[in-house]
Amino acid sequence: MKVLLIAAGLAVLACAPFAVSDYGLGLLIGAVTYVTLASGWALFSGPTRYVSLATVAFYGIGAYTVAVLNEALPYPLVLISAAAVGAAIALVVGLSTLRLAGIYFVIFTFGLAELVRQLITWFEVNVTGTLGRYIFLDLTARDIYWQMLALGAATIGLTAWINRSRLGLALRVVGDDEVVAAHSGINLARTKLIAFVLSATILTLAGAIASPRFVYVEPAIAFNPTISFLTVIMALLGGANRLWGPALGAVPLFLVFEWLSANFPDTYPIFLGLLFIAVVFALPDGILAGLEKLRRRGGEVRA
Amino acid sequence: MTKISRRAALRALRCGLMATATLSAGFASAEGETVKIGYAVARTGANATGAGITTIPNYELWVKTVNDAGGLTMPDGSKRKIEVIEYDNRSSNGDLVRSIERLASQDKVDLILPPWSTGANLAVAPLFAKYGYPQLAVTAVTDKAPDFVKRWDRSFWMLGGGHDYANGLVELLSAALEEGKINNKVAVVSVADGFGIDLIKAARPAFKEAGFELVYDETYPLGTSDFAAIMSEVQNSEADSFVAFSYPPGSFGMTKTAQSIGYNPKVFYISVGGAFPIYPGIANGKPDGVMAIGGVDADSSAIKDYFASHTDSVGNPPDSWASAITYASLEMLEQAVGRAGLDHEALSKELSTGTFDTVVGEVKLEDNQLRDLFWVGQWQDGAFRAVSPAGKQGASAAVIPKPEW
């Protein structure tokens with residue numbers, strides 16, 4: 001029954017481009033992109049509680065891979081290459097850093113985006129002698145939307161599957177207490193690494209799919225740190241360790257920011273900051289958990 | 001002290017509401033009369049500074065000027081006021097693309113003005129083409145403009161490419177070399193970003209061909225704030241000419257460092273930022289002789305009027321490079337609408353083939369590009385004057401060697 005409902009919802013979303021204006025389609029693309037990013041982020045960061053600010057590092061890598069390869073390879077191969085590059089980098093990064101915990105991990109991931117950006121800049125300046133690449137692919141906004149929708153659905157499906165698997169259980173134990181996890185025989189490094197690589201691959205693919213809309217890519221454009229922050233706050237707002245939490249946080253926030261940018265163009269960063277504070281203080285576990293708590297309290301009163 | 005009773009307050013409120021209602025009704029009935037113009041510019045984020053100096057003030061100044069004069073003149077002689085729809089693109093291309101879609105498909109504006117920066121203009125070019133709007137891309141420096149014109153035939157590129165600026169500078173310096181005013185050694189630094197790389201790539205062969213030797217040629221990362229090491233190496237390099245393909249922070253930092261270590265090359269050239277109105281302040285009131293990218297015909301009365309009205313409405317003078325071109329692009333649009341109306345095809349054709357009278361003089365595009373530009377300017381007696389190309393009307397003679405700081 002539940003599966004049918006989800007399939008029907010997906011079908012409606014897939015047909016939506018035929019019913020909305022171009023701007024409506026733009027909104028859909030934006031919303032689905034952030035749902036994918038937030039869900040992909042939460043795949044690793046939700047259960048393990050490792051707050052990662054490296055979203056844009058992988059997102060940018062995806063965009064850059066497309067920019068480099070879009071004229072050399074057919075499009076499906078470009079996407080596969082992007083996923084492979086993202087996974088490979090996540091593997092290296094994960095192996096070397098997942099021992100870090102807490103604030104050190106946060107700072108490292110933030111630095112990672114900057115590091116990747118500077119490396120690409122250095123490479124382009126000293127080796128290729130050009131900065132700024134063009135993506136001329138004949139993809140319509142609809143194509144991009146459908147790809148992103150498929151990726152988003154796959155992400156949520158994957159998360160649902162992981163949640164029920166041994167891996168999901170292991171991840172939750174790691175998130176609760178690493179020492180306990182290690183003592184119960186969970187291979188910490190492998191568990192964290194698998195989730196990190198899966199999550200990073202999704203983020204990379206999201207960047208790759210979104211990039212043809214920009215036409216022009218340079219490091220400053222591809223590695224815009226706001227994307228990392230938005231992803232985190234969206235996932236936290238909805239509830240990072242729930243299946244539908246990130247999606248539930250992403251859609252309303254995306255729409256609110258869209259409305260703000262039209263009506264309060266100068267003050268958007270202030271709202272972003274306030275929201276950050278509000279989410280952390282008022283809804284530390286996200287809206288879904290907050291609602292449940294409310295309901296439970298209501299139940300107690302009645303009882 | 002006036003005491004406001006509740007009744008009075010309510011009455012005032014009611015009056016206010018009625019007035020608002022009447023006003024909005026008035027607007028609604030006059031809606032057919034306005035021309036809706038939309039733009040999505042960077043109000044926040046990394047591009048906000050650039051857009052805030054070059055793009056937004058000119059858009060606002062132009063709209064105000066046109067509306068104060070009764071509105072845009074249509075081909076039939078009627079006047080229609082401009083109604084602006086503005087979005088913040090948050091310096092993110094994703095948001096920018098969506099905003100343009102919104103302007104085109106949701107708000108159905110009559111005209112769309114372009115955003116600031118090369119990347120942003122390229123990101124929206126396919127959309128302008130898809131919806132048929134003419135795109136007067138001013139703040140985009142690109143050598144690929146001819147290709148873009150082929151790809152998007154309603155795009156117009158008005159600020160030249162990296163090659164143009166590099167070649168303009170080399171031409172100027174080689175004239176000085178021939179006259180024996182400078183030696184053939186040049187020290188070059190460039191910022192490791194799209195703009196700096198484009199220019200240095202074009203400048204290296206051009207310098208070589210003109211018989212110059214690059215005795216110092218280094219790049220520095222975007223965000224560098226300490227130029228002491230670079231400048232002292234440059235000082236010891238025996239080069240008479242110092243050339244920096246830099247962004248504003250670098251341009252300003254190098255100027256201050258050169259002054260503090262007493263580095264006085266015969267040619268001191270910086271790039272973006274040198275033409276900013278705040279530059280003389282940065283240079284401690286001694287900008288004279290400094291060369292930079294851009295330049296205007298400082299003696300033309302149109303430019304003088306433009307600087308005055310910009311100072312009036314914005315509070316400070318415009319920069320002497322892309323600002324005047326931005327304003328000129330809007331004047332072109334205004335005149336093209338007056339001749340061809342708001343039909344996008346006719347309008348684009350008029351922009352492409354017509355001749356326009358603007359603050360930078362008479363403008364006629366070649367292959368949808370503005371080629372008749374100044375490449376190098378120099379501070380002379382407190383004004384930033386164009387010095388290259390030397391033959392172009394309105395160019396001043398370059399002062400070489402530069403007076404000491």
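Q: Into which domains is chain B divided in this predicted model?
A: The model is predicted. Chain B has two stretches of sequence in each domain: domain 2 takes 162-299 + 375-388. Domain 1 takes 31-161 + 300-364.

Q: What distance separates the centres of domain 1 and domain 2 of chain B?
A: The centres are taken over C-alpha atoms. For domain 1 and domain 2 of chain B, the separation is 30 Å.

Q: How many residues of domain 1 of chain B are in contact with domain 2 of chain B, and of which classes are they?
A: Domain 2 of chain B brings 19 residues to this contact, and domain 1 of chain B brings 14. By class, the domain 1 side has two charged residues. The rest of that side is six nonpolar and six polar residues.

Q: What is the strand order of the open sheet of seven strands in chain B?
A: The pairing in this sheet is mixed. Neighbouring strands are turned by 20° against each other on average, direction ignored. The order in chain B is E9-E8-E10-E11-E12-E15-E16.

Q: Which strands of this sheet of chain B stand at the edges?
A: An edge strand here has a single partner strand, so one side of the strand is left without a neighbour in the sheet. In chain B that applies to strand E9 (213-220) and strand E16 (383-388).

Q: In which sense do E8 and E10 of chain B pair?
A: Strand E8 covers residues 185-191 of chain B, and strand E10 covers residues 241-245. Ser190(B) stands opposite Phe245(B) in E10(B). The two strands pair over five bridges, and the sense is parallel.

Q: Which helix of chain B packs on the sheet, touching E8, E9 and E10?
A: The direction of this helix makes about 160° with that of E8(B). The helix spans residues 194-209 of chain B and is named H7.

Q: How many residues of strand E1 of chain B are buried?
A: Strand E1 of chain B runs over residues 35-41 and is mostly covered. Buried here requires 20 or more other C-beta atoms within 10 Å. In E1(B), the buried residues number five of seven.

Q: Which strands pair with E1(B), and over how many bridges?
A: Strand E5 (residues 111-113) of chain B runs parallel to E1(B), joined by three bridges. In E5(B), Ile112(B) is the bridge partner of Gly38(B). Glu86(B) in E4(B) is the bridge partner of Tyr39(B). E1(B) also pairs in the parallel sense with strand E4 (residues 82-88) of chain B, over seven bridges.

Q: At what angle do H4(A) and H9(A) pack, and how far apart are their axes?
A: Helix H4 covers residues 75-97 of chain A, and helix H9 covers residues 188-210. Their crossing is right-handed. The angle is about 145°, and the axes are 8 Å apart.

Q: Into which classes do the residues of the contact of H4(A) with H9(A) divide?
A: H4(A) supplies residues including Leu79(A), Ala83(A), Gly86(A) and Leu95(A). Among those they meet in H9(A) are Phe196(A), Ala200(A) and Thr204(A). The contact divides into 14 nonpolar, four polar and no charged residues.

Q: Which helix of chain A gives the largest share of the side that touches chain B?
A: In all, 29 residues of chain A are in contact with 30 residues of chain B. Helices H2, H5, H10, H12 and H13 of chain A each supply at least two residues to the chain A side. By class, that side has 14 nonpolar, eleven polar and four charged residues. The largest share, five residues, comes from H2(A).

Q: Is Glu238(B) buried or exposed?
A: Glu238(B) lies in the loop between helix H8 (228-235) and E10 of chain B. Its phi is near 65°, a positive value in a residue other than glycine. Glu238(B) has 11 C-beta neighbours inside 10 Å, so the residue counts as exposed.

Technical notes:
Residues are numbered from 1 along each chain as its sequence is written. Chains are lettered from A and ligands numbered from 1 in the order in which they are written. This is a predicted model: local features need pLDDT of at least 70, side-chain atom pairs count only at pLDDT 80 or more; totals for chains, interfaces and linings use all residues. Two residues are in contact if their C-beta atoms, placed from the backbone, lie within 7 Å. Helices (H or I, at least four residues) and strands (E, at least two) are DSSP runs, numbered from the N terminus. Ala, Val, Leu, Ile, Met, Phe, Trp, Tyr, Cys and Pro count as nonpolar, Asp, Glu, Lys and Arg as charged, and the others, Gly among them, as polar. Axes are lines fitted to C-alpha atoms, for helices over the stretch in contact, and angles run from 0 to 180 degrees between N-to-C directions. A crossing is left-handed if the near helix is turned anticlockwise from the far one by less than a right angle, and right-handed if clockwise. Two strands pair if DSSP finds at least two bridges between them. Domain bounds come from an automatic or database domain assignment. A residue is buried if 20 or more other C-beta atoms lie within 10 Å of its own, exposed if 12 or fewer, and partly exposed in between; C-beta atoms are placed from the backbone.
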